[in-house]
Amino acid sequence: MSVIEYKCPNCGSGMVFDSETEMLSCPSCGRKDNIENIPDPLKQQANAEDEAQEYHCTSCGAVILTDPETSATTCSFCGSAVVLGDRLSGKLTPAVVIPFAISKEEAVKAFKKWCRNGLLTPSGFMSADRIKGMTGIYVPFWLYELHNNVEVHGHATKVRIYTSGDYEYTETQHFEIYRKIRLNYLKVPIDASEKMNDELMDKLEPFPYEHLKEFKTPYLAGYIAEKYSYDDKALLPRAKDKIREFIDAYIASTVSGYTSVSYTDKQIDTNAKQADYALFPVWMVQYDFRKKDYTFAMNGQTGKVVGKPPLSKAKVAAWFAGVFGVSFICLKLISWMMGGGFL
Amino acid sequence: MNKRRATWSLLAMMLCLTVMLIGPLQTAKAAGDQPLIYDEAGLLSPEDKEELTIMAKEYGAKRDTDIIIYTSNNPEGQDVQIMTEDFYDEKAPGYDHPLGNAVILTLDFNHRDIYLAGFYKAKEYLDDQRLDKIRNKITPDLSDGEYRLAFEKYIKTVYKYMGYKPGVNPDNILFNIWFQLGGAAVIGIIVVAIMTSRSGGRVTVSGRTYEDKSTSGVLEHQDAYIRTTTTRRKIEKNTSSGSGGGGGTTSGGHSHSGSRGSF
């Protein structure tokens with residue numbers, strides 16, 4: 001009993017998660033159920049990790065074809081939304097989830113709008129009529145709570161230049177600086193799926209944490225969900241790497257008013273207090289342009305689109321020429337106003 | 001019928017163009033019938049002299065100024081500044097009227113002295129500092145005996161410097177066309193590079209996004225003053241080769257800017 005399906009109690013159709021109402025809804029009869037009130041079948045079932053790794057659709061009986069990482073999908077024969085329970089239980093139970101707020105139609109619309117705003121994309125791409133696939137995926141993330149104790153020693157200078165008589169004096173004041181900082185970061189997200197491009201996922205942030213919900217399987221109905229490929233310990237170095245620049249920026253913000261600062265000793269002691277398994281909503285857009293495939297990702301809550309679009313050489317050249325021309329005229333005007341003659 | 005009319009209008013246009021092109025040349029000729037090169041020391045071949053005259057006329061016309069070169073063996077051993085002033089009073093050069101706008105380069109081969117003087121418009125636009133700059137530019141070539149090259153530089157630099165408002169530094173890098181082109185190209189490249197790098201979306205989170213403000217903060221903070229070091233540097237005074245000199249007034253009562261030196 002590892003395949004979970006939500007059958008409508010009224011008409012028996014498969015129910016899916018509706019991003020607008022945030023309810024489990026039946027596309028046939030329109031019944032809507034509040035997810036908070038549905039008993040989660042995951043909690044009732046025993047840990048069934050050693051069961052056979054073949055799943056059968058409870059609607060049509062066909063074998064469900066999935067990647068080993070997939071925990072929710074649709075049956076490729078009858079189209080029912082199915083959730084693979086044993087890939088979401090035990091260690092694999094997500095703690096929290098941010099449900100989709102953008103429906104497929106809205107996502108297509110938002111993507112088309114984004115394409116139109118591309119200043120350097122070819123005009124053929126801007127019409128955005130070659131969308132090959134639009135997939136709503138719950139991407140696994142680890143949310144780290146990282147406590148940092150930072151101790152910095154450094155050397156700073158203040159330089160004053162003044163003239164007196166025939167001499168120019170450069171007066172340099174030297175300071176020894178020390179900072180002890182406590183810096184705690186909450187819910188730093190690191191994507192845990194092997195399939196997802198890390199760079200793309202980093203750019204999708206921020207995910208609105210006010211929409212974080214306690215995980216319930218009905219949220220996944222109708223979408224694809226992945227389980228994590230790396231556990232929290234394996235990804236801790238990436239998390240530390242990510243906050244390193246935050247820490248550096250924070251340190252720099254506490255040392256101000258100097259001409260130059262150099263750090264002689266920087267000690268950062270990072271302590272991972274907690275790591276929560278979370279699923280975040282992402283629309284993956286497969287796009288085909290001039291026989292090349294492009295992949296874009298859209299934040300399923302905010303609609304932010306990331307991914308390298310094709311660049312039009314002509315537009316790049318035109319922009320360069322325009323900016324070049326305008327700045328050249330500006331420089332000319334400046335020189336003319338300073339008395340430099342126009343030609 | 002139409003074709004013929006087109007041919008006529010084309011011919012008329014060409015005629016207009018020819019008149020427009022030739023017109024100014026003729027007036028320029030009429031204005032500048034006085035010689036501009038007085039090569040009493042005999043440094044230049046007739047061809048050189050002719051070409052330099054054409055050049056001086058062309059550039060001088062654009063600045064309403066006679067650009068004059070005067071070389072002399074100076075057997076009387078006069079001072080180079082007095083020579084220049086007397087030359088102006090005597091020859092009465094000037095772009096549109098006698099004793100008018102003129103810049104004079106005088107070479108005295110007796111003392112190997114050089115003097116530059118600017119009169120009226122040239123006095124205003126070529127002050128002592130600018131004349132010093134011109135003199136410093138051409139002195140090495142004169143010392144090497146590259147007279148023709150030095151004179152060409154002199155004519156071009158006078159033309160160039162007179163294009164800038166009085167009082168500003170004509171060698172300001174902002175006035176340099178290559179700097180302007182290069183600067184514009186750099187700005188263009190930077191803007192396009194930023195646009196391409198942003199086309200794929202960019203990171204919009206910072207440390208603030210995930211920082212727990214209630215528990216984070218600076219616990220200890222120390223800025224200890226250690227010492228002060230001071231270095232001093234002598235301010236370079238404008239030392240031009242030879243002596244400065246500056247301007248003066250001719251015995252005919254014409255005041256001028258000036259720069260003198262030796263080569």
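This is a predicted model: local features need pLDDT of at least 70, side-chain atom pairs count only at pLDDT 80 or more; totals for chains, interfaces and linings use all residues.
Figure 1. Residues are numbered from 1 along each chain as its sequence is written, and chains are lettered from A and ligands numbered from 1 in the order in which they are written. Helix 2 covers residues 104-116 of chain A, and its 13 residues reach 18 Å from the first C-alpha to the last, close to the 18 Å expected at 1.5 Å a residue (1.5 Å times one less than the number of residues). Buried in this helix are Ala107(A), Phe111(A), Trp114(A) and Cys115(A). They lie on the same side of helix 2 of chain A because they cover an arc of only 100 degrees around the axis, the arc being that of the directions from the helix axis to the C-beta atoms. These buried residues pack against several elements of chain A, including helix 3 (123-126), strand 8 (131-164) and strand 12 (260-289); helices (H or I, at least four residues) and strands (E, at least two) are DSSP runs, numbered from the N terminus.

**Figure 2. Helix 7 of chain B has 22 residues and reaches 31 Å from its first C-alpha to its last, close to the 32 Å expected at 1.5 Å a residue.** Gln180(B), Ala184(B), Gly188(B) and Val192(B) are buried in this helix. They sit on the same side of helix 7 of chain B because they cover an arc of only 90 degrees around the axis. The face turned away from that buried side carries exposed residues, among them Trp178(B), Val186(B) and Ile190(B).

**Figure 3. Where chain B meets chain A, 52 residues of chain B are in contact with 57 residues of chain A.** Two residues are in contact if their C-beta atoms, placed from the backbone, lie within 7 Å. Strand 5 of chain B gives the most to the side of chain B that touches chain A, with 18 residues. Strand 9 (residues 167-191) of chain A and strand 5 of chain B run antiparallel and are joined by 16 bridges, where strands pair if DSSP finds at least two bridges between them. In strand 5 of chain B, Gly217(B) is the bridge partner of Arg182(A).

**Figure 4. Strand 7 (residues 255-262) of chain B is mostly covered, with 6 of its 8 residues buried.** Strand 4 (residues 113-119) of chain B runs antiparallel to strand 7 of chain B and is joined to it by 7 bridges, and Tyr115(B) has Arg260(B) in strand 7 of chain B as its bridge partner. Strand 6 (residues 248-249) of chain B also pairs with strand 7 of chain B in the antiparallel sense, over 2 bridges, and here Thr249(B) has Ser255(B) as its bridge partner. Strand 6 and strand 7 of chain B form a hairpin with 5 residues between them, and Gly253(B) in the turn has a positive phi of about 90 degrees.

Definitions and conventions. A residue is buried if 20 or more other C-beta atoms lie within 10 Å of its own, exposed if 12 or fewer, and partly exposed in between; C-beta atoms are placed from the backbone.
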